[in-house]
Amino acid sequence: MAIDQVYGARKVGRYLLLTFMAFVVIFPIYMMVVGALKPGNKVLVNPLLPTDFTTGTLTEAWRTGHLGRALWNSAYVSVLITLAQVVTSILAAYAFAFLRFPGKTFVFVAFLATLLVPLEATLTVNRRTMQSLSWINSYKALTIPFLATAFGIFMIRQVFLTIPKEMHEAASMDGLGRLGFLWQVAVPLSRPTIGALTLFSFLTSWNQYLWPTLVTTNQKFNTVQTGLKTLKLAAIDKPNLVIAGTVIVALPIFVVLIAFQRQLIRGLTAGAVKG
Amino acid sequence: MAQVRLQNITKQFDGVTAVEDINLDIADREFMILLGPSGCGKSTLLRIIAGLEDPTEGEVYIGDTMVNNVMPKQRDVAMVFQSYALYPHKSVQDNIEFPLKVRKVPKAQRAAAAIEAATSLGLGEYLDRKPGALSGGQRQRVALARAIVRNPAVFCMDEPLSNLDAKLRGETRAELIALHRRLNSTFVYVTHDQVEAMTMGTRIAVMSRGHLEQIGTPQEVYDKPSSVFVAQFVGMPPMNILPAGSLETGTHLVGVRPEHLRISPDQPLSLQVQLVEQLGHEVHITGSVGDRRVVIRQDSAAVMPAVGSVVQVGAAENGRHRFDAVTEQRIAE
Amino acid sequence: MKRNRRDSGLAALMLVPSGVILLLFVVYPLIKAVWLGQQRCGVTKCTNNGFDQYLDAFRSNEFQDALIVTAKYALITVPIGLVLGVALAVLADKYMRGVGIFRTIFSSTVATSVAVASVMWFFLLNPNVGVLSEWIGGIAKTPGLLQDPRSALWAVSASSIWANLGFTFIVVTAGLQGVPKDLYESAYVDGAGGFSRFTNVTLPMISPTLLFATVVLTTRAFQSFGEVDLLTEGGPLGKTTTLTYLAYGSGLPTSNDDGLRATVSVLLFAVLLALALVQFRGLEKRVHYGN
């Protein structure tokens, strides 16, 4: 009998345990969805069961929280940041992986060292910078500080380094210049990693909370995360409205993650592989 | 015209000399083999021709043009790498087409060229596959096709057969010879395998420690090795080198190929037999003369000495090669 | 040589976009924060107190309390989160029918942002409408788990452990799949039972993964802001005021003083750096299991 299979009573026990844990993990999500589909006055009646089904709460949350606007802002900001991070990372990674230039090690270590600086240590000054530029309440404030990331540079450099030298030479024999090699060989070869970085960047910027609260005061610039806070404060007496808002906000990311599971796993484990 | 001329080529890597003062003329349409053990500089020389390395000193000519400052892609040189260096994300056809695509050859034309090159190498049915789905031999052909499709003046090949199994290697050798005849262009081929060198080359350049030891046709290199090194590197089993004064009086070393050693009671040297290897069509007899290991190659029909016995061996005058005991260079007759 | 010179120009061109961003928004603010952290700032101008401000801030009750809260928070969330994540990953690692569904469920919390998870738990734990508080009763009803000073940090931790579970599960699962199967088979042939295989093969082989997860979870604990802001606003009685919340939250002595905020964020940076160095040393010692 194979060792990675489980039989008999142990199997039943394992299923029971898994099922129980699955219920525990999914319970908060279940409660949200059930609550979001009930009318406001019925939230406390049978809270566990999906009775009195309505989409009214969802639409009201959408309107009250200006969630359409918030979703658009989040999407706009995250897509911009993601595209920029991927491009700037690929460019810098190429320089570090394939070009010879004086002081390369020093420059690389300097780039890498920025990973040690937590976002939280820089935000006060960054917010003052935004103030002095009059960028408070603008897309510029939400995006520009995040257009590059040392994490992305490092991740892509690592995969570029795995491309055999002969591949580079073959490309130059075939007539490709440096940029030709980058876009036609190195980038397509690194597609899985670049995909992982794309998803990782998107999620990180989509989930940002602290920075948007610091540089936006106008609800017009709410992202979904700060929009939830606004909704929570505005509708403190209407819990199911806030719950519905949470569902609306969480839904797009669930869809994205189900579609890109593999990239997600690669992105999350990128740091673990090369310990 | 695509002769290749190397003039006083020296290449150093971080102060370590890889090749030193090499002069080599490769004629148009020649199949030139660069032969030598690993680390002898043969690959460096090939890469200098291809433009993948800049020589520290000296000049490279392809045709009549000095190409030191010409980028690899403009040299009209194609290269087949030991690892093949196929693009794993492209199909076989896209791999073969790629050099033409980069050179902006119209789509229909390059597809036709790629299919022709692929078909000529028996790859016709694999055009849509990715390299990962091919066998080693097939990948090797794709690498060849990618070189052929450009119709280059010079083909550079860096140990292209070393990743194939023995049977496939034999078959591919024959195909490469046919290919050379068909394409009518200049081949420069790096190998450490003397069988490949002997069977395929029109000429062989034997290298050792960054220097050219000998340049000549396979027959010349075999019959008149210019040094002890060449004598022992070319030929299998290698030439026996006997110490001065053993086979004949004099101060030089005497080399005798295993097939030129004869066993007969009237011969001068006593050989203690240690090993008798029956190979079917021939027999190798290994033993020692004094402290020297000596190998004799015989027809399998001949009488076999017993292991442990002592036999008398010697060689006729035309089987003897004489080398200077100090410089190990051949002494002219 | 000619090629190298061309390389340098191209390299500079390719490094400039990232370099400028990182310089302006990571390096400069860090240096500036060290300077700003020596000031007390009003609405219009700042006064310099010199380096002493760091020492004073570090010794202050507010900072010490926040440091303790953060350390407690990390000590609750990291070990529990890790044990749960490993347990689930090991449970769902066997080949059984339908295990994929469980994997999807256990991974699912990775899709919730800090804000989404916090708002969810805010209502789950809400003493008036929350189901959980209904079931638990006692202090969960009055004043409420998030409102009682004794339970508030634990309640915030529950939300955070839940939200991070997906991440831990995914990372550990990937680590488990990287363990060569022949190691298990060899241990099996040698007569090792399930538990023995877990301690002798699984744990050592995934130790780099565990270390990575520990680093990430600890860092997240020290950088926690959103959950505090949305669940408790640092209360009650400052029992959930973490370091990051002290630096950026509202209604605190730091709130309208960029100088003090900078002081706290620089100290936070120092704490995180020390933590990173400690973890890095651990990493160096133990990472050689891989390969």
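A polar contact is a pair of N or O atoms within 3.5 Å; within protein, one must be able to donate a hydrogen and the other to accept it, and residues adjacent in sequence count only if both atoms are side-chain atoms. By that rule, seven residue pairs, both at pLDDT 80 or more, are in polar contact across the interface of chain B and chain A. This is a predicted model, in which local features need pLDDT of at least 70 and side-chain atom pairs count only at pLDDT 80 or more, while totals for chains, interfaces and linings use all residues. Residues are numbered from 1 along each chain as its sequence is written, chains are lettered from A and ligands numbered from 1 in the order in which they are written, and side-chain values use heavy atoms, with hydrogens and water left out.

**Chain B and chain A**

- Helix H1 (42-50), strand E6 (77-80) and helix H2 (92-102) of chain B each supply at least two residues of the side that touches chain A; helices (H or I, at least four residues) and strands (E, at least two) are DSSP runs, numbered from the N terminus.
- That side of chain B has 15 nonpolar, three polar and six charged residues. Here Ala, Val, Leu, Ile, Met, Phe, Trp, Tyr, Cys and Pro count as nonpolar, Asp, Glu, Lys and Arg as charged, and the others, Gly among them, as polar.
- Contact (heavy atoms within 4.5 Å) links 24 residues of chain B with 17 residues of chain A.
- Between chain B and chain A, about 1600 Å² is buried, and carbon and sulfur atoms give 59% of this area. Buried area is the accessible area (1.4 Å probe) that two parts lose on being put together, summed over both.
- Within chain B, the residues that lose the most area to chain A are Lys73(B), Tyr87(B) and His89(B), together 30% of what that side buries.
- Two salt bridges are counted between chain B and chain A, a salt bridge being a side-chain nitrogen of Lys or Arg within 4 Å of a carboxyl oxygen of Asp or Glu.
- Arg146(B) forms a salt bridge with Asp174(A), and their closest N and O atoms are 3.8 Å apart.

**Chain A and chain C**

- Here 87 residues of chain A are in contact with 87 residues of chain C.
- The two chains, A and C, bury about 7800 Å² between them, with 77% of it on carbon and sulfur atoms.
- Four salt bridges are counted between chain A and chain C. In a salt bridge between Arg127(A) and Asp258(C), the N to O distance is 2.8 Å.
- Chain A and chain C also have 16 residue pairs in polar contact, both residues at pLDDT 80 or more.
- On the side of chain A that touches chain C, helix H1 (residues 8-36) of chain A gives the most, with 16 residues.
- This side of chain A has 61 nonpolar, 16 polar and 10 charged residues.

**The two domains of chain A**

- Chain A is divided into domain 1 (8-59) and domain 2 (66-273), with bounds that come from an automatic or database domain assignment.
- The centres of domain 1 and domain 2 of chain A, taken over C-alpha atoms, are 33 Å apart.
- In chain A, 11 residues of domain 1 are in contact with seven residues of domain 2.
- About 720 Å² is buried between domain 1 and domain 2 of chain A, 82% of it on carbon and sulfur atoms.
- Between these domains of chain A, the count of salt bridges is zero.
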